[in-house]
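Dear colleague,

I am handing over the structure below, and after it you will find my notes on what turned up when I went through it.

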Amino acid sequence: MAKNPVMIWTKTDEAPYLASFSLLPIVERYVKCAGIDVVEKDISLAGRTLAAFPDYLKEDQRVPDYLAELGEMVFTPEANIIKLPNISATVPQLKDTIAELRAKGYMVPEYPEEPKTEEEKKIQERYADVLGSAVNPVLRQGNNVRSVPPPVKDSARKHPKLMGLPLKEWPKDSKCHVSYMSGGDFYESEKSVTIEKDTTVKIEFVDDSGNATVLREIPVTKGEIVDGSFMNVKALQKFFEEQLEDAKKKDVLFSLHLKATMMKVSDPPIFGYCIKAMFKDVFEKYADVFEELGVNPNNGLGDLEQKLQKLPEDKRKEIEAAIKEAFDKNPDLFMVDSDRGITNLHAPNLVIIDASMPVIVRDGGKAWGPDGQLHDAKAVIPDRCYATAYEEMVEHCKKYGAFDRTTMGTLINVGLMAMKAEEYGSHDKTFQAPSNGAFRIVDADGNVLMEHKVEKDDIWRACQAKDEAIKDWVKLGVEQGKKTGYPVVFWLDKNRAHHAEQIKKVEKYLKDLDTSGVEIKIMSPAEAMKFSCEKVRKGEGVIAVTGNVLRDYLTDLFPILEVGTSAKMLSVVPLLAGGCLIEAGAGGSAPKHVQQLLKEGHLRWDSLAEFTAIAASIEFIADKYNHKGAKVMLDAINYAIAEVLNNGKWPSRKVNELDTRGEHFYFALYWAKALAEQDEIPELKAKFAEVYKKLAENEEKIVEELNAAQGRPVDIDGYYFPDEEKAAKEMRPSATLNSIIDSI
């Protein structure tokens, strides 16, 4: 081999970003001894923002567009990328990032929420590439297998109370329930076609006078599925008003569940309509004031409260009193932070369904209310596409009670996400109707493939799923069935237009595969959830073969029940070009962990997912290059992971006890021990015998130094763009450990 194989480590945001300051020096020095290089690439929200505006920065402030670099790399066979959880930014998060950068002299432009000039429109377009799910569609050029690693599953069965928050029992009289629209949603309106030849299609909006505007031109390929659907906002508003009234009547918390981060164009307006429904009288009475202030309900109550500060005191107090009156009139809300009065309507990034719904299930159908206590909750999920699956989970638990971590089985997900498949690839094809009229998709020959008549402000979106991606997805599902012996369930609803087209392809491609000995089912999401819950409750396993959004939902829901968190998940993406993308864990809890670090110097981010991702990355090198050093490293890493779990060396929730940095120390200790005890490569044995000796002899001193750094507020000069010297100093507080690692 002419040069060392490379592992790409991504710099992202929040807790995993901070944890990397402690973990990455260990990884870099250990694997370098086996002839493997680690290269870091910045795909953080701040990094993406800077990369988008080099022309606004001084020459020494400019940064490469690392995401674009990785976007090219995923089409090469040697790509080997570990992607840590990153922020899928909402507008408020982006604005906070911009403010932080500008305060430090990085004069990227302000975000124009309502662009008035051509320049502002161009700035907003450039920021569109930074917002929402900007990273995943670029990197995910393959489908994925996401599962709880076996050592983690075994540990959860042995230590169920230590592995995440416990599962609370469901009361016999639980009033928890899921509510969704019965009409006017994306599910009802969806139309779908399979493209017959390589061509280009146009998305057009035609107003009532017959004037057509081309919104997008999209290249499509033979066999590709193209969908269109819309949500009627009048039906949506009526639905929200009915659900608020029903929650008040039933005396349950009102909780909204969306994905306003990933679905950055469609879901913020849905979120905004919920705000307008709850505060209907306020928005009607003060419409002129709100327009003058630039109030956008899509940005949440927090943004509204902030903009009210611009008013004269008497007017501000008048509107604040009207808002309080609306709170009193409506049901209590699901709270993000009861102590600070933060509801899940305060900002769109606080409404993340794959993080919020599992917590309600974990807590026995309850959510936190304004009084700081748990109460039965109404889970409001407007669109029916996946709400019925959550409904089935809730009803299952109401009937049979909480799951048991010591006995429950596991759900492995095979997710369709290659080539920007499905809803998560819809951002650039999602629009709100500028007037009454119709959205339509027209092919190059002028044929109208589909048309939707809409009213002003209705939310319309188009999605794609390429034939090559679907074929690979079906193959991966069958491979997992053969590997595990678990039943393979395709979560597809024959009554949903897109799924009906997919079912045809699944049935076609299954005929080309050896499916002997594999139990294969095609079931609607509700039926599949019922089947999976029954299997998992019996202690059995299931392979869920799903689309992109359900992949996201299920791989938070089941792991939080099984092992207490989705942060311990391993997601391996065999890239279509032959490389590998490994996604480490999930970042839903990352903001809370950062808050605790800043407040009391304790970071409880669990890096177990990073450990398993490192193992998967090294395994890729071992297999691809028949790399002896990688094989030895892989065995040692797997031993270290098992020992961390066997000895309970994961972060405590309490200050002055073992935290993320302590977990990293023990991972390094056990990894060095395994390398010192192997006989395959004598040079590694000798080198790490000395490293292990030093680490073991200084164990007590190192842990004391790490724990002593806690118990005080931490200043790293920023949240989205911290001072890296300060962050490194906080995350590497043990001089003894640093000396040993840096000398390798």
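**Salt bridges**

Lys315 and Glu318 form a salt bridge in which the closest N and O atoms are 3.7 Å apart. Please keep in mind throughout that this is a predicted model. Both residues belong to helix H14 (residues 313-329), where they sit three residues apart, about one turn of the helix; Lys315 is partly exposed, with a relative accessible area of 28%, and Glu318 is likewise counted as partly exposed, at 34%.

This pair is one of the 56 salt bridges that the structure holds. Another, between Lys307 and Glu113, has its closest N and O atoms 3.6 Å apart, and it links distant parts of the chain, with Lys307 in helix H13 (residues 301-308) and Glu113 in the loop between H4 and H5, 194 residues apart. Lys307 counts as buried at 10% relative accessibility, whereas Glu113 is partly exposed at 22%. Both residues also take part in a network of salt bridges together with Lys95 and Asp303. In a further pair, the side chains of Lys685 and Asp679 meet at 3.2 Å, N to O; here Lys685 is partly exposed, with a relative accessible area of 29%, while Asp679 counts as exposed at 59%.

**A buried lysine without a partner**

Lys83, in strand E3 (residues 80-83), is buried yet has no salt bridge, and the nearest side chain of opposite charge, that of Glu583, is 4.2 Å away. That pair does not count as a salt bridge because the cut-off is 4 Å between a side-chain nitrogen of Lys or Arg and a carboxyl oxygen of Asp or Glu. Leaving aside residues up to four places away in sequence, Lys83 touches Thr10, Ile43, Val135, Asn136, Leu139, Leu581, Ile582, Glu583 and Ala584.

**Nonpolar cores**

The largest nonpolar core has 67 residues, of which Tyr30, Ile614, Ile618, Phe665, Phe667, Trp671 and Leu695 touch the most other members. Helix H22 (residues 608-625) gives the most to this core, with eleven residues. Apart from this core lies another, of 46 residues, among them Tyr187, Ile353, Tyr386 and Tyr553.

Just after H16, Gly401 takes a positive phi of about 90°.

**A loop proline**

Finally, Pro112 lies in the loop between helix H4 (91-103) and helix H5 (118-128), and at 10% relative accessibility it counts as buried. Not counting residues up to four places away in sequence, Pro112 touches Glu120, Ile123 and Gln124.

With best regards

Methods
Residues numbered from 1 in each chain as written. Predicted model: local features only at pLDDT ≥ 70, side-chain atom pairs only at ≥ 80, totals over all residues. Heavy atoms only, no water. Helix = DSSP H or I, 4+ residues; strand = E, 2+ residues; numbered from the N terminus. Buried < 20%, exposed > 50% of the residue type's maximum accessible area, 1.4 Å probe, protein only. Lys, Arg positive; Asp, Glu negative; His and termini not counted. Contact = heavy atoms within 4.5 Å. Core = buried A, V, L, I, M, F, W, Y, C linked by side-chain atoms within 4.5 Å.
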